[in-house]
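Subject: Model handover

Hello,

Here is the structure you asked for. Please open it first, then read my notes below.

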Amino acid sequence: MQVRAEDLSDLSLGAVFLATGGGGDPYVPEMICREALKKHGPVDLVAPDDLPDDAYVVSIGGVGAPTVSLEMLPSVDEATRTLEAFEAHVGRKIDAVVSFEIGGGNSLIPIMAAAGRGVPVVDGDGMGRALPEAQMMTYAIAGVCPSPAVAYDYAGNVTTFTTPDTPTYERHIRSLAMASGGMITTAEHPMTGAELKPAIIPGTVGFSVTLGRALRENRGRADQLLPVLKDVFASSVYGECRLLYCGKVSDKATRIIGGYDIGEATLTPFSDEGDALTINIKNEYLVARLNGRVVATVPDLIVIVDYETGTPINAERLRYGQRVAVFAVGCPDFFRTERALEAVAPAAFGFDIPYVPLEQIEV
Amino acid sequence: MRIGIDVGGTHTDAVLLDGSDVVASTKALTSADVLTGITNALDTVIADVPQADIEAVMIGTTQFTNAVVERRELSPVAAIRVGLPSGTGLPPMVDWPDDIADALGRHSYMVKGGSLYDGWPLASMDDDQIDAAIADIASKGLKNVAVSAVFSPMNAAPERAVADRVRAAIPDARITCSHTMGRLGLMERENAALLNASLLAFADRVVSAFMEAIRARGLTCPMYVSQNDGTLMNADFVRQFPALTFSSGPTNSLRGACKLTGLTDAIVVDIGGTTSDIGVLEGGFPRESNVVISVGGVRTNFRMPDIMAVGLGGGSIVAADGKTIGPRSVGHRLVTEGMVFGGDTLTPTDLVVAGGHAEIGDKSRLSGLSADVVAAGNATIHQMLDDAIDMMKPNADPVPVILVGGGAVLVSGDLKAASVLHRPENAGVANAIGAAIAQIGGESERLVSYSTLPRDAAIEKVKAEAIERAIDAGADPGTIRVADIEETAIPYMDEGNTRVRVKVIGDIAALAKKEAN
């Protein structure tokens, strides 16, 4: 299987859905990726199980404030240069690249890197969605060491990291991103094929294309979209898909705390009669409560779409008065182990509520 | 007294306003040369008034939008972007449709420089590199230049430095710097500057023609042109910023509806021949769209009103059972193809006449229509508008609805979404009234850090820039007031990094002086 320039708009639409409100505007990454694929040709997608155990793979993506990229554009070859800097640092060639986050623009960065470097992209990622911190990645949860790692910025400055634990690494790359104009590209969490196989959410790149195509071909009211989405998710690593709510955004208040967009949105029915849905936001949509009762939480996916078209709405763009629908999707099984939940359950985001898998919550 | 003129694709409307009173109005077809239509409209409204009583003429025009959409009258432009090494491989116009990129000539230059979000230099500027670009531009004989730089809304110095060098080398160059055009979002702001630069020569011709038409009628008063946020530009300003007229038509219609009813918070439904355009008045001004707006296929971040267009107008085609209407329309052929006009296409206009709600054309031609179809059709009209208004309402509270435009007659009953329904007199020329009553505005936006500059001081600074722009555009300094302050925190960055936008509005300086005398 390959990723071609003509797959990018579907891939990016699917990735925005999986971004659960985070991940930034995909317009610029999509445009750069298209330029890279036009220049270098399509990229091969390799299933994790088809990777040799001794293959050397590195994960790659952008770190920082995606909003900055709307003003200070990345360069077309920045991701490729990042890989080359990584190879120079470790003194060996890599066999494949992998995404650390399928949600949003970070789904496309490994593809541009692979195109320029002539290596395949592993079909899968380290989140299956978007999440705000590196230690929430499956690679980190599975015990992969974040370094050796390199960061590359707009000017070609290269910074290398030797850091044994991911939370410390996360803290360092955030500071570097701020000092480098707000956005950097990192190659990190290198793995062998054997290490990668149990540490990845498999199939999410190909799945994003399928999901994006389904959203495009069935563009329309959310209630009509539901059966299509149920089918698409049922045959994936995700599983359950529910339409939680349809209504208007009657309140949205977020503010920046510690670099994160934190706050709450309230939705009320179109008719104004009935229960309100509140959604807690920390870059992504994290907890949904119907009249106070929890109906979905992270790591399950909570996605807000435009009611009329099914187009996903980023948390930054969610505003008062919009008519929306809210979907919830069960997360991949990887996140439902005790060890993973320590990193990604509601408690990891400061919510004093237990994680109950979506399928076990009464409709 | 003031004259407002609205030059649309189909009609040229004019009104003569004495204070708030409409003294005279006219609606005529837009002439192929545009100017004859304006002259005729002027003649009609000033027929009974001494020229000396006319204090100002305000013109709203779609000519510049149409030039971009139709790829006419566009001059070749050189684009210089100051931003390397960032954005390597993504030159200006990279995502433009081919036909309009070709119309501008694809002359892109990228040089080192610009700023980071916190003001740190992105790269030092290289005069030799800049001069090489300018030499190439000069050798191609290009006279229109758009200059953009990374984070120029926060630090305009790199754009100004390049513009100065261009001006020194090519003295008759016409230059648009992106920081004068818009907000954060490099490509969208740069696109706006490019479109603007490509319209500068046309703007000269249009403004000169307007002035000539007005002077030829013996009027010596100043002339203004409407811009997309419902404020005015003087003639010199239009010559520099023609692209700011984009989308001024719907804005004028909303502002006119505000004036006609005295309502500052309402939904305005402008029903034409093909669509119903629904907009929202908030505090007397149009609610602005916060999404990227495409003009002729080019992404821009102009300030545009948030308008929802529904495929329902007087000439929309009605299905045989009356349950589906539009989006296809007979448009201006309504007067020959509509059933009451002797044609055989069923339109909403026929439904309204058949229902006994209006007298248009020859009702006897509708005798074959079943009462069921007429009832179903009229119900569909109201349902379509109700649904659309409900979507645009800012909250669940009932909201007043103002009907304007020639198709307002289609609404024969109540709209459930409306607390009250207004059908102002002179609603057919709301656009021209909106143009006539406009004031002068100024806007500024910056990304500021409240941790280095306290919030009050930061807002004061942005406000001062907005006021300076309003005065440049012809506002009376004594009357300027803040219309809107918008603060948006930037995610993934340090606390206190906030995008601040301030909009100010004031009376026209030239008129204020006159009143003082």
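I start with one helix. The buried residues of α13(B) are B:Ile459, B:Val462, B:Ala466, B:Ile467 and B:Ala470. A residue is buried if 20 or more other C-beta atoms lie within 10 Å of its own, exposed if 12 or fewer, and partly exposed in between, with C-beta atoms placed from the backbone. Down the axis of α13(B), the buried residues fall within an arc of 145°, so they line one face of the helix. That arc is taken over the directions from the helix axis to the C-beta atoms. B:Ala457 and B:Glu460 are exposed on the other side of α13(B).

This is a predicted model: local features need pLDDT of at least 70, side-chain atom pairs count only at pLDDT 80 or more, and totals for chains, interfaces and linings use all residues. Residues are numbered from 1 along each chain as its sequence is written, while chains are lettered from A and ligands numbered from 1 in the order in which they are written.

Back to the helix. B:Gly474 follows α13(B) and has a positive phi, near 110°.

Chain B overall

Chain B has 14 helices and 23 strands. Helices (H or I, at least four residues) and strands (E, at least two) are DSSP runs, numbered from the N terminus. The radius of gyration of chain B is 25 Å, close to the 24 Å that the globule rule gives for 517 residues, so chain B is as compact as a globular protein of that length. The radius is taken over C-alpha atoms, and the rule is 2.2 Å times the number of residues to the power 0.38. The C-alpha trace of chain B spans about 80 × 55 × 45 Å along its principal axes. Of its 517 residues, 53% count as buried. Among contacts in chain B with a separation of 6 or more, 67% come from residues 24 or more positions apart. Contact means C-beta atoms, placed from the backbone, within 7 Å.

The six-strand sheet

In chain B, 6 strands form an open sheet with mixed pairing, in the order β3-β2-β1-β4-β9-β10. Its edge strands are β3 (21-29) and β10 (232-234) of chain B, each pairing on one side only. Two strands pair if DSSP finds at least two bridges between them. Strands β1 (residues 2-7) and β4 (residues 56-61) of chain B pair in the parallel sense over 6 bridges. B:Ile5 has B:Ile59 as its bridge partner in β4(B). Helix α1 (residues 35-46) of chain B lies across β1, β2 and β3 of chain B, at about 30° to β2(B). Angles run from 0 to 180 degrees between N-to-C directions; axes are lines fitted to C-alpha atoms, for helices over the stretch in contact.

The four-strand sheet

A parallel open sheet of 4 strands in chain B has the order β6-β5-β7-β8. Its edges are β6 (107-112) and β8 of chain B, each pairing on one side only. β7 (residues 144-149) of chain B is joined to β8(B) by 4 bridges. B:Ala146 has B:Thr176 as its bridge partner in β8(B). Helix α6 (residues 186-216) of chain B packs on this sheet, touching β5, β7 and β8 of chain B, and its direction makes about 165° with that of β7(B). α5(B) lies across β5, β7 and β8 of chain B, at about 155° to β7(B).

B:Ala173 sits in the loop between α5 and β8 of chain B. B:Ala173 is partly exposed, with 19 other C-beta atoms within 10 Å. Not counting residues up to four places away in sequence, B:Ala173 touches B:Lys143, B:Val145, B:Val166 and B:Arg167.

In chain B, 8 of the 10 residues of β23 (residues 497-506) are buried, so β23(B) is largely enclosed by the rest of the structure. Strand β21 (residues 440-449) of chain B runs antiparallel to β23(B), joined by 10 bridges.

Chain A

β6(A) and β7(A) form a hairpin with 5 residues between them. A:Gly156 in the turn has a positive phi of about 85°. The two strands pair in the antiparallel sense over 4 bridges. A:Tyr152 stands opposite A:Val158 in β7(A).

Best regards

Methods: Contact = placed C-beta atoms within 7 Å.
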